[in-house]
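Hi,

Here is the structure I promised to pass on to you. Have a look at it first, and then read my notes below.

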Amino acid sequence: MSNILDSFPEYAQTTPLDGLRETQYSYLDERGHTYLDYTGSGLAAKEQYHAHNARLTEQAFGNPHSASPTSENSTRLVEQARAHVLSYFNASPETYTVIFTQNATGAARLVGESYPFSRHKQFVLTADNHNSVNGIREYARAKHARTVYVPVQSPDLRVSPATLASVLGGHWWEWGLDRLALTKGGRPARDRGLFAYPAQSNFSGVRHPLEWVTLAQECGFDVLLDAAAYLPTNKLDLSDKNPQPDFIMVSWYKLFGYPTGLGCLIARRDALSRLSRPWFSGGSVKTVGVALTWHVMATDEAGFEDGTLNFLSIPDVQVGLEWLERVNMSMISTRVRCLTGWFLQRLLDLRHSDGSPMTEVYGPTDLKRRGGTICFNFLDAKGDIVDERLVAQESAAAAISLRTGCFCNPGPAEKALGIDTRPLRRVRRRLRKGLIPLETYISMGRLPSGGAIRVSFGVASNTADVDRFFDFATKTYRDRVPDTSGLSPRHGC
């Protein structure tokens, strides 16, 4: 068995995280559990739970939409958390504001429902996107805007820079950026539509360049950056010297496990002013009449925070960020990179007794421009893909938490598995109405499986997790042709 230090000596610099594993995340080893799904959810440190309990047992908090003492307690902590989020991202409060949402999906919906799509604007997005972003195309469709997907390429599941530049620039790209219409302040006019992409793929771990933000803006697009999979192991700097997306989607439980049910939309104030909400609610409206049906929306973030905020949990966002700051994101990033590289080496080395490979990896097989998410399938002794539903069952029985399926990101899954769209075009209408079962869709598209296996690393990961996984993989799938009869039907992506 190889030693991680042979290939990644810098792993030794991350030993303080082993101490945290023994104390703050000891519930893993106490339960004999191997956690390999940090892209699905981060894990919370015990200190975070203790801080939450102490706050709720020592003070009283009320609905922040009031001036009572308990309300002011809530308002003060919510605004402290909002300010800390901006500080964590080095974002100027004059440039950016923070809108608390239920999750990253809620952030995407705010942009989608409020964006001024029209026949003259496009919604451009990469084929590698979470369904929360894919769903914005329905808002674009309703306003007669055209949706354009920029494809990913095999085998690394990356986007061609030339293709992206062509789609974003159109004929303007041929003229040069100096021909673009500018606002009075010298910034390109944002009149061509919305461009959306993930900083890191939640399917393959591919990191898409942040420089695309500037490119798209110079081509006249607003930019929605999905940072949910990127932020758990990286810092995003929104200071003036770096790319500044117009909108950033964040999911807090993916960074530090707790609280759940909270995300945020970090938005440029000038971009926020271009949005128009299709409705109003308590909390988001300043004044409203019934005898005469009129209303005035609240300004800035208040106009996008519907109803009463989750005021008992929002302060835990600040607790989580302070925890990451103490742990040191650079150390987390180094550990995850080392474990990812070591895992990939061992995954590619897995062989059946006849020398045939035991795995097929989707996405980059090296560490160049990728994060700590690895997507693959097991191959049986005949060379066929092992049904991911069986892997889900058997890994769970071995107390290993990983993900299977397409991870709410069908674009790279379709590319990786080689979907054949020709027979599906004939039944497109029935597909849209949900009249064709998922198993039939997989069969008609000639997919070898309904998805893949995803392993991902985070703050509490260690080499023992990797060893336990490969012990399981070798004992369970080497030289085996599994019986997949009797598996439960798939329910969706």
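The axes of helix 14 (residues 329-349) and helix 20 come within 11 Å of each other, crossing at roughly 20°. Helices here are DSSP runs of H or I with at least four residues, strands are runs of E with at least two, and both are numbered from the N terminus. The axes are lines fitted to C-alpha atoms, for helices over the stretch in contact, and the angles run from 0 to 180 degrees between N-to-C directions. Helix 14 and helix 20 are therefore roughly parallel to each other. That label is for angles under 35 degrees; over 145 is roughly antiparallel, 65 to 115 is roughly perpendicular, and the rest is oblique.

Before you go further: this is a predicted model, where local features need pLDDT of at least 70 and side-chain atom pairs count only at pLDDT 80 or more, while totals for chains, interfaces and linings use all residues. Residues are numbered from 1 along each chain as its sequence is written, and side-chain values use heavy atoms, with hydrogens and water left out.

Back to the helix pair. The crossing of helix 14 and helix 20 is right-handed. A crossing gets that name if the near helix is turned clockwise from the far one by less than a right angle, and left-handed if anticlockwise.

Helix 20 has another partner too. The axes of helix 15 (residues 388-397) and helix 20 come within 11 Å and cross at roughly 120°. Helix 15 and helix 20 are therefore oblique to each other, and their crossing is right-handed.

Now for helix 20 itself. Helix 20 covers residues 463-477, so to speak 15 residues by definition of its run, and reaches 21 Å from its first C-alpha to its last, close to the 21 Å expected at 1.5 Å a residue. The expected span is 1.5 Å times one less than the number of residues in the helix.

Which residues of helix 20 are buried? They are Asp465, Val466, Phe469, Phe470, Phe472, Ala473, Thr476 and Tyr477. Seen down the axis of helix 20, these buried residues fall within an arc of 155°, so they line one face of the helix. The arc is that of the directions from the helix axis to the C-beta atoms. As for the word itself, buried means under 20% relative accessible area, exposed means over 50%, and partly exposed is in between (1.4 Å probe, protein chains only).

Take a look at aspartate 465, which lies in helix 20. Aspartate 465 is buried, with a relative accessible area of 1%. Its side chain is joined to that of arginine 21 by a polar contact of 2.9 Å. A polar contact is a pair of N or O atoms within 3.5 Å; within protein, one must be able to donate a hydrogen and the other to accept it, and residues adjacent in sequence count only if both atoms are side-chain atoms.

The ends of helix 20 are worth a click as well. Asparagine 462 caps the N-terminal end, with a side-chain oxygen 3.2 Å from the backbone nitrogen of alanine 464. After helix 20 comes aspartate 479, whose phi is positive, near 60°.

Helix 13 (residues 314-327) is another one to find: its 14 residues reach 21 Å from first C-alpha to last, close to the 20 Å expected at 1.5 Å a residue.

Most residues other than glycine have a negative phi, and most peptide bonds are trans. Here are the ones to check:

- The peptide bond from serine 154 to proline 155 is cis, with omega near 0°; proline 155 sits in the loop between strand 5 (152-153) and strand 6 (158-159).
- Tyrosine 258 and proline 259 are also joined by a cis peptide bond, with omega about 10°; proline 259 is in the loop between helix 11 (252-256) and strand 10 (263-268).
- Histidine 144 is not a glycine, yet has a positive phi of about 65°; look for histidine 144 in the loop between helix 8 (136-142) and strand 4 (146-150).
- Arginine 369 has a positive phi too, near 50°, and is partly exposed, with a relative accessible area of 44%.

Proline 448 is in the loop between helix 19 (438-444) and strand 17 (452-456).

Cheers
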